[in-house]
Amino acid sequence: MTASALWYPCTQMHHLEQFPPLTIARAQGAYLYTTEGTPILDAISSWWVNLHGHCHPFINQAVMDQLGRCEQVMLAGLTHEPIEQLAERLVALTPAALTKAFFADSGSAAVEVALKMSLQYWQQCGETQRKTFISLENGYHGETLGSLSVTDIPLFSAQYAPLLIQHLRAPSPALQTKPELLSESEFIHQQLNALEHLMQTHDGEICALILEPLVQGAAGMHMYPASYLKAAHELCDRYRIHLILDEIAVGFGRTGTLFAHEQAGICPDFLCLSKGLTAGYLPMSCVLTTDDVYAAFYHPSVQRGFLHSHSFTGNPLAARAALASLDWFEQQQVLTTNQHLIHHLSHGLDELCQHPHIRQVRQTGMIGAFTLVNEHGIAYPAEEGRGRLLARKATELGVLLRPIGNQVYLMPPYCVTPEEIQRILQIAVTALEWAISEPPLNQSAGALA
Ligand SMILES: Cc1ncc(COP(=O)(O)O)c(C=O)c1O
């Protein structure tokens with residue numbers, strides 16, 4: 001047993017005996033620094049939250065200015081300028097039909113908000129038979145009980161099955177799961193048919209379809225084309241089902257556009273944002289929705305309102321960090337300069353395709369990924385712990401990676417340079433070669449995000 005009082009998230013504490021966590025003393029730009037001063041390139045943006053680099057002077061200043069004025073105030077019966085401004089900015093940046101912003105404090109909480117709002121909307125519109133949700137196989141939407149009910153990653157949900165509500169699952173459009181015999185368009189068509197079949201069989205019972213647009217992150221960066229999103233949106237319209245887009249991981253430029261749904265030219269009924277919302281500075285999330293949804297709650301009766309709340313909803317420091325991040329996007333034309341990085345990433349990933357232990361090399365915008373395979377071209381079983389071995393070696397070599405089982409990915413902050421992208425890929429390959437030469441860890445099965 002470890003002596004520390006700290007119990008870490010998403011960690012089998014027993015593994016820490018072999019791989020103790022690194023202590024990070026400070027962070028700057030794309031780098032974390034250990035207590036010994038060793039720099040580690042943060043190739044995964046610290047769980048996909050950091051956007052413009054750590055300890056960013058412009059965002060630091062904005063947070064410090066706010067700290068001198070007001071650190072926290074409740075958002076019921078009181079309001080403040082940063083949160084009012086942030087709501088306006090987010091509404092202006094998203095499709096015209098999204099007119100209202102509701103804030104919460106984590107990604108999972110945003111998903112809870114969207115699920116509850118959708119259900120209550122249908123109840124208050126008199127469609128009381130609508131009580132279930134469709135989510136995608138291998139989808140991930142968080143780990144609170146409601147969000148876990150629409151998450152399809154048994155490692156995180158199986159233990160809690162008695163507490164979880166059974167919802168409907170549609171097959172994933174992720175190209176990793178495509179049978180070789182099918183073309184991409186045949187496969188997408190097949191997955192859409194299955195989705196429509198679910199909608200038909202449960203016509204009038206479904207509140208919403210929830211999905212992660214373009215990239216199923218926690219599944220292991222499984223990617224799919226915008227054509228699926230566009231068609232799924234049409235199906236939602238046809239069967240009068242809400243569409244909840246969970247852009248918690250992919251929002252704010254990760255897929256190349258500010259939001260992933262822009263690539264399909266669609267507007268959801270609910271858009272969930274978090275992680276990059278505050279550029280990775282402070283916990284905050286937001287659900288954007290339409291006038292139609294808002295109107296269903298607008299009534300003299302208290303019970304018809306949306307009574308969900310969190311103590312720290314709309315925290316002013318987080319709102320200031322988010323506003324500063326949006327200013328930085330505009331001032332520095334971050335999305336335009338990212339195109340250059342996306343091009344470099346694509347070039348670097350192309351070079352990996354020839355490697356005998358690398359398959360399914362893929363990219364969506366600023367996210368690159370590949371699958372680690374054995375000498376027969378078959379993905380290593382997660383229980384061999386090759387990903388963890390790879391991560392350990394990469395850290396020793398100065399790059400923070402955290403493969404999900406046998407899926408290796410990078411999602412660097414936008415301040416990374418083309419040379420650093422190249423270095424991340426080189427170190428990933430060196431660490432991979434070491435990881436496959438080692439004896440397996442033989443841990444129990446599971447692929448932690
Ligand atoms: C797509 C998606 N939804 C929801 C969440 C949950 O967010 P949080 O960890 O802030 O609760 C995550 C976290 O990784 C995510 O990737």
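Author: A term comes before the questions: a residue is buried if 20 or more other C-beta atoms lie within 10 Å of its own, exposed if 12 or fewer, and partly exposed in between, with C-beta atoms placed from the backbone. The model is predicted, and local features need pLDDT of at least 70, side-chain atom pairs count only at pLDDT 80 or more, and totals for chains, interfaces and linings use all residues. Residues are numbered from 1 along each chain as its sequence is written.

Reader: Is T417 buried, exposed or partly exposed?

Author: T417 is found in the loop between β16 (407-410) and α13 (418-437); helices (H or I, at least four residues) and strands (E, at least two) are DSSP runs, numbered from the N terminus. T417 has 13 C-beta neighbours inside 10 Å, so it counts as partly exposed.

Reader: How far apart in space are T417 and A394?

Author: In sequence, T417 and A394 are 23 residues apart. From C-alpha to C-alpha, their distance in space is 18 Å.

Reader: Which residues does M117 touch, leaving aside those up to four places away in sequence?

Author: M117 lies in helix α4 and is buried, with 24 other C-beta atoms within 10 Å. Two residues are in contact if their C-beta atoms, placed from the backbone, lie within 7 Å. Not counting residues up to four places away in sequence, M117 touches F270, V287, T289, V293 and F306.

Reader: How far apart in space are M117 and F306?

Author: M117 and F306 are 189 residues apart in sequence. Their C-alpha to C-alpha distance is 7.2 Å.

Reader: Which helix gives the largest share of the shell around the ligand?

Author: A residue is near a molecule if its C-beta atom, placed from the backbone, lies within 6 Å of it. The ligand is surrounded by 14 residues, and the closest are G107, S108, G142, I248 and A249. The largest share, three residues, comes from helix α4 (residues 107-124).

Reader: How many residues of the shell around the ligand are charged?

Author: Ala, Val, Leu, Ile, Met, Phe, Trp, Tyr, Cys and Pro count as nonpolar, Asp, Glu, Lys and Arg as charged, and the others, Gly among them, as polar. The shell has five nonpolar and seven polar residues, and the number of charged residues is two.

Reader: What is the phi of W48?

Author: Most residues other than glycine have a negative phi. W48 lies in helix α1 and is buried, with 22 other C-beta atoms within 10 Å. The phi of W48, which is not a glycine, is positive, at about 75 degrees.

Reader: Are α7 and α8 roughly parallel or roughly antiparallel?

Author: Axes are lines fitted to C-alpha atoms, for helices over the stretch in contact, and angles run from 0 to 180 degrees between N-to-C directions. Angles under 35 degrees count as roughly parallel, over 145 as roughly antiparallel, 65 to 115 as roughly perpendicular and the rest as oblique. The axes of helix α7 (residues 184-201) and helix α8 (residues 226-238) come within 10 Å and cross at roughly 20 degrees. The two helices α7 and α8 are therefore roughly parallel.

Reader: How many residues in the contact of α7 with α8 are nonpolar?

Author: In α7 the contact is made by I188, Q191, L192, L195, E196 and M199, and in α8 by S227, Y228, A231, A232 and L235. By class, two are polar and one is charged, and the nonpolar residues number eight.
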